[in-house]
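Subject: A structure for you to look at

Hi,

Here is the structure I promised to pass on. Please open it beside this email and follow along as you read.

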Amino acid sequence: MIRLRSAVRLWSRIPRSAKVASLSAPLLFVPGTARAEHHFLHETPEYEAEEHEWRESTDRLDFGFDGEGTAIITSPRSPLGTTLTGGSGFKLRVGEQIHFPGLRFTPEIGYGFEHLYTSSDIGAYSWETHRVFGGARLAFGRIVTPGLYGHVGYGWRNSGDPTIPQAGGLALDAGFALDFHLLRHFTFGAHAEYATIDSQPYTPQWLALGLHGDVLF
């Protein structure tokens, strides 16, 4: 009995820090990989969120609409002296947005329309151009996503000028876009592109500046 009381008194005199160290000593024999794995899982919520987003949707259906103004680069001149001065138009696009880490790749098809204004000494004969195309977009990032795109297809033009018959040919465009992905199912941004239709002998070339929006499913 005397020995038991002595042991209790001795234990009560040991500092608190020493007691904690003695109780936690068995943890030293836990494998290091187990401790590291437990710590990593609790300290990386952003990584887990990105991994969850990657598993949830690796590709999404993309419907896009572009509205734009047109600046003429080269203006073919008709026998009546008609020249192009500017215009406006739109594009409709549909594609499949495929996600990679830090990258979005979107093969797509679409239709484009431009109404080009003209000026001459006799009268104004506006042009209308049409394009059907296929191509792809490549965007970088998650929230603010700069990217490049390009399309190739067939285009044709109609003109009220009696000296310029309707014609069609290869249609090309290439541009730069800056998108903002702030909502899960919607992206908006601005773009600048070069476009042309090889409708000889009067081939229009223009620079389109505009805004666009994409709905994702």
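What is the mean pLDDT of the protein, and what share of its residues reach 70 or more? This is a predicted model, and the mean pLDDT is 80, with 71% of residues at 70 or more. Please take care with residues 1-56, where pLDDT stays under 50 and the model has 13 contacts beyond four places in sequence. Where pLDDT is low, the predicted coordinates should not be read in detail.

Now to the strands. Strand S5 (residues 144-159) pairs with strand S6 (residues 167-183) in the antiparallel sense, over 14 bridges. S6 also pairs in the antiparallel sense with strand S7 (residues 186-197), this time over 11 bridges. With 2 residues between them, S6 and S7 form a hairpin.

Next, the rings. The whole structure holds 7 aromatic pairs. One of them is Phe186 with Phe188, a stacked pair at 6.2 Å centre to centre and 25 degrees between the planes. Phe186 is partly exposed, at 34% relative accessible area, and Phe188 is partly exposed too, at 35%. Elsewhere, ring pairs join Phe65, Phe90, Tyr111 and Phe113 into a cluster.

Two arginines are also worth a look. Arg137 lies over the face of Tyr149, 4.2 Å from the ring centre; Tyr149 has Gly175 in S6 as its bridge partner. The charged end of Arg157 sits over the ring of Trp127, at 5.4 Å from its centre.

Enjoy exploring!

Key: Residues numbered from 1 in each chain as written. Predicted model: local features only at pLDDT ≥ 70, side-chain atom pairs only at ≥ 80, totals over all residues. Heavy atoms only, no water. pLDDT = per-residue confidence, 0-100. Contact = heavy atoms within 4.5 Å. Phe/Tyr/Trp six-rings, centres within 6.5 Å; stacked < 30°, edge-to-face > 60°. Buried < 20%, exposed > 50% of the residue type's maximum accessible area, 1.4 Å probe, protein only. Lys NZ or Arg CZ within 6 Å of the ring centre and 35° of its normal. Pairing = 2+ DSSP bridges. Helix = DSSP H or I, 4+ residues; strand = E, 2+ residues; numbered from the N terminus.
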